[in-house]
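Subject: A structure for you to look at

Hello,

Here is the structure I promised to pass on to you. Please open it next to this email, and then read on for what turned up in it.

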Amino acid sequence: LVRGDVLETDLSAWGPCVITGNLPYYITSPILAKTLRLGPLLRRGVFLVQKDLAVRAASAPGRREYGYLSVFCQAQASVDILFSIPPGAFRPPPQVWSALLRLVPRRLNEEIDGQSLIAFLEFAKTCFRMKRKTLRNNLEGHVPAELLEGCPEISLRAEQLSVEELWRLYRRLTKRA
């Protein structure tokens with residue numbers, strides 16, 4: 001048990017670990033990012049978070065909640081909502097529901113390394129830059145037009161593609177296929 005500011009703590013200091021906590025909403029994303037950066041040192045992460053964030057992290061393609069946070073988490077881990085907790089379970093009760101979120105690290109692809117993951121996540125961020133726009137509109141100016149023309153999914157929105165489909169698109173567009 002470590003008491004301290006998680007954003008200031010070296011989470012890798014103890015080797016392989018399970019990390020758990022009740023996360024404050026305003027820094028949930030940075031804590032999840034720091035935890036997932038542990039890579040193979042992270043055995044599992046189990047966090048109490050606001051339910052809407054848990055739903056976004058675990059959401060499937062095609063759902064309204066699916067977005068960059070979904071891709072960010074799911075590219076690095078299996079993401080499951082274990083159960084929801086009503087406001088009345090806390091004193092004083094918050095105004096929102098909570099959920100227990102479990103992250104179990106996984107590799108998106110056997111070939112992906114740390115640098116490729118960072119580049120892929122930047123690509124995914126660009127794809128979701130303007131969520132209601134097509135991939136073509138979001139990627140114009142970031143990817144050569146001739147590469148975009150050869151991709152049938154370019155007329156879709158990023159929210160319609162799974163993490164694996166986005167990864168394959170990234171590989172094709174960066175000539176890493």
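You will find G67 in the loop between α2 and α3. Leaving aside residues up to four places away in sequence, G67 touches F128 and K131, where contact means heavy atoms within 4.5 Å. G67 and K125 are 58 residues apart in sequence, yet their C-alpha atoms are 9.0 Å apart in space.

A word on how to read all this. This is a predicted model, in which local features need pLDDT of at least 70 and side-chain atom pairs count only at pLDDT 80 or more, while totals for chains, interfaces and linings use all residues. Residues are numbered from 1 along each chain as its sequence is written, and side-chain values use heavy atoms, with hydrogens and water left out.

How confident is the predictor? The pLDDT (its confidence in each residue, from 0 to 100) averages 92 over the protein chain, and 95% of the residues score at least 70. Among the elements, helix α2 (residues 51-58) has the highest mean pLDDT, 98, and helix α6 (residues 145-149) the lowest, 87.

Now the overall picture. The protein chain has seven helices and four strands; these are DSSP runs numbered from the N terminus, with helices being H or I of at least four residues and strands E of at least two. Along the sequence they follow the pattern β-α-β-α-α-β-β-α-α-α-α. The C-alpha trace spans about 55 × 35 × 25 Å along its principal axes. A compact globule of 177 residues would have a radius of gyration near 16 Å, and the 18 Å of the protein chain agrees with that (the radius is taken over C-alpha atoms, and the globule rule is 2.2 Å times the number of residues to the power 0.38). Of the 177 residues, 42% count as buried. Among contacts with a separation of 6 or more, 63% are between residues 24 or more positions apart.

Helix α1 (residues 28-36) deserves a look of its own. Seven of its nine residues are buried, so helix α1 is largely enclosed by the rest of the structure. The buried ones are T28, I31, L32, A33, K34, T35 and L36. Their cover includes β1 (17-22), β2 (42-50), α2, α3 (68-74), β3 and β4. P30 also lies in helix α1, but P30 is partly exposed, with a relative accessible area of 37%.

T9 is buried, with a relative accessible area of 18%.

One last thing to find on screen: the peptide bond from R91 to P92 is cis, with omega near -10°. P92 is found in the loop between β3 (77-85) and β4 (98-105).

Enjoy exploring, and write back with any questions!

Best wishes

Conventions: pLDDT is the predictor's confidence in each residue, from 0 to 100. Buried means under 20% relative accessible area, exposed over 50%, partly exposed in between (1.4 Å probe, protein chains only).
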